[in-house]
Amino acid sequence: MKKKFACLAMAMIMVLSLAACGGKEEAPSSGSESGAAAFMLGGTGPLTGGAAIYGNAAKNGAQIAVDEINAMGGIQFELKYEDDTHDPEKAVNAYNALKDWGMQISLGSVTSKPCEATAAETYADRIFALTPSASSTATTEGKDNMFQMCFMDPNQGSASAQYIADKTLGTKIAIIWKNDDVYSKGIHDTFTAKAAELGLEIVSDTTFADGNDTDFSVQLSDAQKAGADLVFLPMYYQPASLIFAQASNMGYAPKWFGVDGMDGILTMEGFDAALAEGVMLLTPFNADSDDEATKAFVAEYQKRFNEIPNQFAADGYDCVYAYKQALEAAGATPDMSAEELCGLMIEQFTSMTFNGLTGDGMTWDASGAVSKSPKGMVIENGAYVGLD
Amino acid sequence: MKLKLNKTTRKNFATYGVVILAYVLLQVMKGSLSSSLKGMLVPICAYVVMAISLNLTVGILGELSLGHAGFMSVGAFTGVTAAIALQNVIPAAPLRLAVGLAVGAAFAGIAGFLIGIPVLRLNGDYLAIVTLAFGEIIKSIFNNLYVGIDKNGMQFSLLSDKTNLAEGGKLIIEGPMGIGGIQKISTFTAGFILVMITLIIVFNLVNSRAGRAIMAIRDNHIAAESIGLHVTHYKMMAFVTSAALAGAAGTLFAMNYSTIMANKFDFNTSILVLVFVVLGGQGNMLGSIVAAAALTVLPEMLRTFADYRMLVYAIVLILVMLTTNNATLRSWFSRFSLKNREKEAA
């Protein structure tokens, strides 16, 4: 019995010591120097779990922007991100926790489905939200105070088809997509619709899902048999990396075309970058760009987090700067209520033009969708190079 | 006046009492609750119903089910579809919710019956694995199902959207995207009523002739069969009731969010509910209720731990399991309750 109690005591001590760690970790971010004179900016994202790459990137990007802006003087922000583990239920819980914290303006959620759930809450509570990366149409549909920093999924699909048709990159097109993923499906559906309109021939259309996303031989041989010379991959980079490797083993070398989820493939651990040679993708952000602002951001991000920022980080960064611009233009002060700010922000976002890392001259329409032009990139010698 | 109540009845009334008391207390304090807790009231009710219904299968029937979230999923999708389809027919939200709950429970019950036919012929580990597989099958079906409604009625299609809805039609279930744009009509009061109904159904089933037969099968399958009990019949009765209640819980849960996806109701959710049941004690309904409520709130209370949140959650879970199974503490608790009983008798 003594032993058992010793075990219990040990476990207690572990919990307490962890609690101490958690407390220390928290201190610098919450105890910001500005106090009550700051705008309370909150967002939810997957900081743990399978989609944590995206949540942490957006959070880190936003944090850099907040620190830069606070250092400038003028408008002050206090940023808090809560974990939603890419689950709508947890996202609503996280959102409510942020509300208790005193959030005035929201960064929505990082991923699409959770953002759909929190968007319904921000709409009901009249808190303005600008999501860095939740790209589904349903996120903004029917909500006047929900805006997006990223392209909407459908826009990516039709832009890709347009791009392929304009540059005559391929005549026979194969698509491999993930049929239990909103992102993949959204792009696939608009791509096929636009392709039909533009007279592109789709010769193979195959799917995979969670759980059978390691072997792509069936999909690839279907594409090969149909004689596809371009394969469109609307998916994130993990499955794409396997597709490249398996296609290379089969001796199948079509042109590859990806979307913004492909961004990050070059920094993926254990992936032979040579396999991605010649892959084309549409993405709003290029970490290797010569642009001054991008360079400074990439350097700062590397210094702090020891990795190359992806598009999500840039979106998070842009969101905070867009807020800064809008708040300044509206003459908003931190003592305004969330509802007052919501009205002002809707007015500003539908009328302003914003230049950021992910595009120049961005504008928003009343539906909340952003209009900016995607950049075509191609991977050459292990680096992204602008296509044009 | 002396009310002679046996031990079970007393315990059942205590359970009703605790639930009613919790509801009244929360209603009174509504103004001072944090938004975080307020937002969790409906999910807590849904998980409580899930825990009670799974306790019926695990604790009373004695069969391990690892696919209970599957029934929740069936209830969520069918119930919400019914509520959306009836949006213009039944304008009153509470009534629409009630219809949704009934539809969800009915479909989950049917699913439970169909699954029960092959599954309940198995025992122990085999049954656990087959229920696990059924949970995954249900998830895959809803991930590939498209349901729309237009003036010609409901349209169904599998794998891709071939519903070809007429003008003004609306796609309700969109395959992997699940259901979006749900009107949030679940309320805490509705959740409370559902918990009470669930308790009444389960307690009355357990205390009936059928309930005693079910427990006899749990305790000794062969002995029960030898005295002429129709084993599959009684097993089916418990299993279908359990499935139907889980379906109602699913509808309640789904109607609290603006969007719902099939992937939410995966193996992890089944295990989560099983944890509630094991922690609360198999066959102990009040334990399930407390465990479900506490373990739903706990991760949110731990948000101050930031990155260590899930680690602390796991450690707390281990601690709770250790303490509730600690012989010294248990005897202490039982001494406490004995004293109470003596006082009552005096």
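A salt bridge is taken here as a side-chain nitrogen of Lys or Arg within 4 Å of a carboxyl oxygen of Asp or Glu. The structure is a predicted model, in which local features need pLDDT of at least 70 and side-chain atom pairs count only at pLDDT 80 or more, while totals for chains, interfaces and linings use all residues. Residues are numbered from 1 along each chain as its sequence is written, chains are lettered from A and ligands numbered from 1 in the order in which they are written, and side-chain values use heavy atoms, with hydrogens and water left out.

Across the whole structure, 16 salt bridges are found over all chains. Three salt bridges are counted between chain A and chain B. In one salt bridge, the side chain of A:Asp87 meets that of B:Lys264 (2.6 Å, N to O). The side chain of B:Lys264 also meets that of A:Glu89 in a salt bridge (2.6 Å, N to O). This pair joins two chains, because B:Lys264 lies in the loop between helix H9 (231–254) and H10 of chain B and A:Glu89 in helix H3 of chain A; helices (H or I, at least four residues) and strands (E, at least two) are DSSP runs numbered from the N terminus.

The contact (heavy atoms within 4.5 Å) takes 40 residues from chain A and 40 residues from chain B. About 3400 Å² is buried between the two chains, with carbon and sulfur atoms giving 61% of this area; buried area is the accessible area (1.4 Å probe) that two parts lose on being put together, summed over both. Ten residue pairs between chain A and chain B are in polar contact, both residues being at pLDDT 80 or more. A polar contact is a pair of N or O atoms within 3.5 Å; within protein, one must be able to donate a hydrogen and the other to accept it, and residues adjacent in sequence count only if both atoms are side-chain atoms. On chain A, helix H1 (2–30), strand S2 (77–83), helix H3 (88–101), helix H4 (112–125) and helix H7 (182–198) each supply at least two residues of the side that touches chain B. H1(A) gives the most to this side, with 13 residues. By class, the side of chain A that touches chain B has 17 nonpolar, six polar and 17 charged residues, where Ala, Val, Leu, Ile, Met, Phe, Trp, Tyr, Cys and Pro count as nonpolar, Asp, Glu, Lys and Arg as charged, and the others, Gly among them, as polar.
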